[in-house]
Amino acid sequence: MLEELFIKSREFIALNNQVYKRYFLTIQSLEHRLSIIVGARGIGKTTTIAQYMSLHYKEHEALYVNLDDIQNTAQFSMTEIAEEFVLNGGKLLCFDEIHKYNSWSAELKNIYDRFGDLKVIATGSSALQINQGSHDLSRRAIVYTMVGMSFREFLELHYGFKFSPYGLYDILEKHVELATEIKKKIEQKEHKIIPLFKNYLKYGYYPYYLSMPNITLFLQTLQQNINVSIESDLLYVYPKLNGTSIKKIKTLLSIIIKSVPFEPNMSDMKKAADITDDRTLKEYLSKLDDAGLIKLLMRNALAMKSIDKPEKIYLANPNLMYTKEPDIGNLRETFFVNQMDNYYKIKQSLSDDGIFAGKSGDFYCEDKYTFEVGGKKKGFSQIKDVPDSYVVSDDLEIGIGHKIPLWLFGFLY
C-alpha cells in the first residue's frame, strides 16, 4: 500500500513545490500534532502542503494522501494508512480534501489518539466545521483559515518584488511614507502601481492564474471552481442538502453576482430563488459565505450570519466579479472588504469578522475607524463630522492626510 502512495506523494511534491512561499508559511508554524487548513478552492492550500513537506521533512518521513483519489480510499481507511506509515518510520502525514471522506472526523480522532508521535496536516473546504463532524475535534485540532493572495503577494509572485506587510495602524498613520516607498520600488522596475493594481483586481487573488495561458481560460476555470464549491463541496460538508437546495443556492449566487454589493431585500431574493421562508434564505446565504464565495457584511460582531439579516452582500473577492462586467464602484468596495476581512482572519483579532457595515461611512472596524471608499475625487462630505474616519480612494498613487490610496490596503497583514 505505502509504496504506491509514496510514488504518488513524490509526484505531488515535484509538481507542487513552487519557489514562492505564501504568507501562510511565514506566520503559521503548524507545530501542533493535528493541524487543519481550510479555505476556498484555488487559493493554494495544496501547494502550501507540498512546500511544507519539502521544507521540513526528508522524502521517506512525509506522505501526502489525496482523499479525493478513490484509489487511495477504496481499500484502506485513513487510520490504516497512518498505522502502516508509522510502522515504517513516518513522521508527517498530510491528508488533502478531508471533506470528501465520509468519516474524516472519526478517523482523525483515532489517528490523533493512537499515534502520539505522528504529525498530521489536513486540508478541507472553507465550509468545513470541525465541531459538526461525527466526532468533535475542537479539543484536538488547531484550525487555520487560509485566504487568497493579497495585492502585496501578487506583486511578489508575478513581478518579483519583495515587500513587507503592514498593520492597519501603520497604514492609517504612515500611508504617505509607505506609499511613496512602494511606488519608488515599483517604478525602478519600470512599472506603475495603478495598472498593476487593476491587473490584481482581474486575476491576482488566485495563484493558479500563472498556469493559465490567458485570462479567458482563467475565468472559465474560476467559474468551474464556483460550481464545484456548490455542487460538490457543500454537499459533502452539509449532507442534508439535496439537489433542489443546491439548485436554489446556485440561483441565489447568480442573483448576487448580478447585483453585488447591495443591501438585500429578503422578500425579493426569496421570490427570485423560489425560497419559502427567511430562515432558509439566511441559511443558504451563510453557506455561500462559508464556501468562500460571498461575504455577508453584518451590522456588528453580535449579529449571526445564519440568523440575522446582513446589511450588505459582496462577492468574496474582486476576481469573482469578472465573471461578468464589474461595476467600478462595486469592485472598489469588494477589494476593500476582502483585504480587510482577510487581515482580521489572519491576525485572529476580535472576531472572524473585523469589518462591518458603517453607520456613517461605508465601513467601520474595531469600534473605532470609519471608512468611505470611492474614486480619486472622493471627498469627506459623508464623514466630515465622524472621528477616526478616512477616505479610501482608487486611482490614487499617494494620499494625503486622512485620504489613503485603495491599493495600499493590499499590504495589510
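Predicted model: local features only at pLDDT ≥ 70, side-chain atom pairs only at ≥ 80, totals over all residues.
Q: Which residue stands opposite cysteine 94 in β4?
A: Cysteine 94 faces isoleucine 121 in β4. Residue numbers start from 1 along each chain as its sequence is written, and side-chain values use heavy atoms, leaving out hydrogens and water.

Q: In which sense do β3 and β4 pair?
A: Two strands pair if DSSP finds at least two bridges between them. Here, β3 (residues 92–96) and β4 have four bridges and run in the parallel sense. To get from β3 to β4, the chain goes through helix α6 (residues 104–114), a right-handed β-α-β crossover: with the strands pointing away from you, the path from the first strand over the helix to the second runs clockwise.

Q: How many bridges join β1 and β4?
A: Strand β1 (residues 34–39) pairs with β4 over six bridges, in the parallel sense. Look for serine 35, which stands opposite isoleucine 121 in β4.

Q: Is β4 mostly covered or uncovered?
A: Buried means under 20% relative accessible area, exposed over 50%, partly exposed in between (1.4 Å probe, protein chains only). Strand β4 (residues 119–125) is mostly covered, with seven of its seven residues buried.

How values were computed:
Helix = DSSP H or I, 4+ residues; strand = E, 2+ residues; numbered from the N terminus.
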